[in-house]
Amino acid sequence: MSSFGTSLAVLLCSQLLVCYRFSSASDSTSLWGKKIELSGPTCLWQLQRGVIPALENATVCTLLRLRFGAPWTAFVYKAPGQTAIELGLQGTLSHLSIWLFGKEQRVKAHLKLHEWYSICLSWCSREHRLRVVVDAASHAELSPSSFQPRHLAPGGTLTLGVSHYIDASGEVKAERGNNLLGEIGVFKVWASAWTAEELEKMNCVDGDVVSWDTKQWRYSCPAVADSRLKCALHTMQLIILTWNHLSFNSEVYVKNCKTARKKHSRLFTGSIYGLKHSPKSSKKWPAKSHDLSGPTGCENAAEVVDMIQELVDQELLNEELSAEDLDTVVHKLVDVVNVSVVTPPVGENIVTIFSKILLSSTDVTTVAGTVLNLTEAMGNTMNFEEESVGIMVPLLAMSMVNTDADKFSGLTFGVSVISADLAPQIFLNQSFVSEPVPETDVTISLPSELNSYFAPGEGNKTRIQFHFYGSQKLFQDPLITNVTNTNLMVNSHIVSASIHGSDVNNLKERVSVTFRHLTFKQVRN
């Protein structure tokens, strides 16, 4: 029996993996382009229990429309066994009520009936700050000293459009009063404290903790399609709730050196399932001989990345980064990628930092989605003159290819792995290959039909990028890993392909993906 998995004709995302909004993979369960119509407590949407982990940082975004002027509830999250609201958003037409750790803080608002509003809450425990990002023309700065800064409790219960309680049998029940009479068009949660600028770039990206997908929800009334719903936020205003001003050495300031990005389509992210094992641990950022403060522009992005790499190397002498240090590193690299022109050497240094972190004992679960988004954005905008560029470091590989529509006859990307401690080898073929490529551990082959999605016109190039992941740490699904005694694991390396600036779907020709199993099943006669 061949050690290769079956060649797959797929446009899908494995249920264990993080996928972009522009993938057509999970359309059967995706709620994008749909809304929940709420007219009373008979319609109850609740998050599956165990989805939300302990979060030191979090961003929650919802899109809502009010049909009546009565007090309303967007969402309520309660810690296990508690009646107080751990995190929540309620309000009226004239104010927003933000709940955090059982305390309420009010912010003035000027909402109108029958209009869509995007409202995001962004909590950063390290900086003792809660941001409220809304698309109304309001702005305020408050000092809510009553909040006690700490992490959000894990494993709680969350409901949309209404508050709730737990009855004697342990069931979630809707509370009466303040329920939303209107519609909710999206709800998502990230394990990161995003700024308004970052959120504007991610309005069409699903959350890495809670996604807008029925797989994570229980509901008594179905969502309905609305073709008018679009992935677009209005001009956003930022409201900052500040407890105090902490000194923070590792702030990075980067001038914006590039224009807005186009959307892209992730064609495929995939792997093979098999059987499982496990492990985990924390430490303090060392006193730094230099910090990352001060202005960082296009010209010194490489210097900033070198400084971050030096600090990571120093801390990894202790075998892992703490959750706080990991969050700092990832978000400083997000700053660099978002506003700097990244060259291949700088990109390789960024990927090397992630490689070293993945090789350590660091728990990367809370930043996994951010890392995947960052590397995808970096590959889409990396500046190089050659037809293609490859980056290969232990556990990770990327290949960016600039293609012409009239010369494209398919493209195949393959990777062979010798050891987790060594950089993998990349195989690239400018044609469609339907059979397994010898000596590779994973291949993905794109058909020639994709040229119809490329930028038209002579001389115009379309970028295709491939990613390889030799570590499963970035793809831990809480819905599976939180289940005790599960015997599921990813039994292959992980590969993805995407086309920048295109929304690809309904291909007539297949995308062929081949995997080599990491663990072989014992077959008894």
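Is Glu183 buried or exposed? Glu183 is buried, with a relative accessible area of 1%. The legends below refer to a predicted model.

**View 1. Glu183 and Arg65 form a salt bridge.** The N to O distance between the two side chains is 2.6 Å. Glu183 belongs to strand β15 (residues 182-190) and Arg65 to strand β4 (residues 57-66). The two residues are 118 residues apart, and the pair links distant parts of the chain. Arg65 is buried, with a relative accessible area of 10%. This value is under 20%, so Arg65 counts as buried.

**View 2. Arg228 and Asp226 form a salt bridge.** Their side chains meet at 3.1 Å, N to O. Arg228 is exposed, with a relative accessible area of 61%, whereas Asp226 is buried, at 5%.

**View 3. Arg516 and Asp441 form a salt bridge.** The closest N and O atoms of this pair are 3.4 Å apart. Arg516 lies in the segment after β31 (512-515). Asp441 lies in the loop between β26 (425-429) and β27 (442-446). The pair links distant parts of the chain, 75 residues apart. Arg516 is partly exposed, at 22% relative accessibility, and Asp441 is buried, at 13%.

View 4. In the whole structure, a search finds twelve salt bridges. Side chains of opposite charge can pair when their charged atoms come close.

Definitions and conventions:
Residues are numbered from 1 along each chain as its sequence is written. This is a predicted model: local features need pLDDT of at least 70, side-chain atom pairs count only at pLDDT 80 or more; totals for chains, interfaces and linings use all residues. Side-chain values use heavy atoms; hydrogens and water are left out. A salt bridge is a side-chain nitrogen of Lys or Arg within 4 Å of a carboxyl oxygen of Asp or Glu. Helices (H or I, at least four residues) and strands (E, at least two) are DSSP runs, numbered from the N terminus. Buried means under 20% relative accessible area, exposed over 50%, partly exposed in between (1.4 Å probe, protein chains only).
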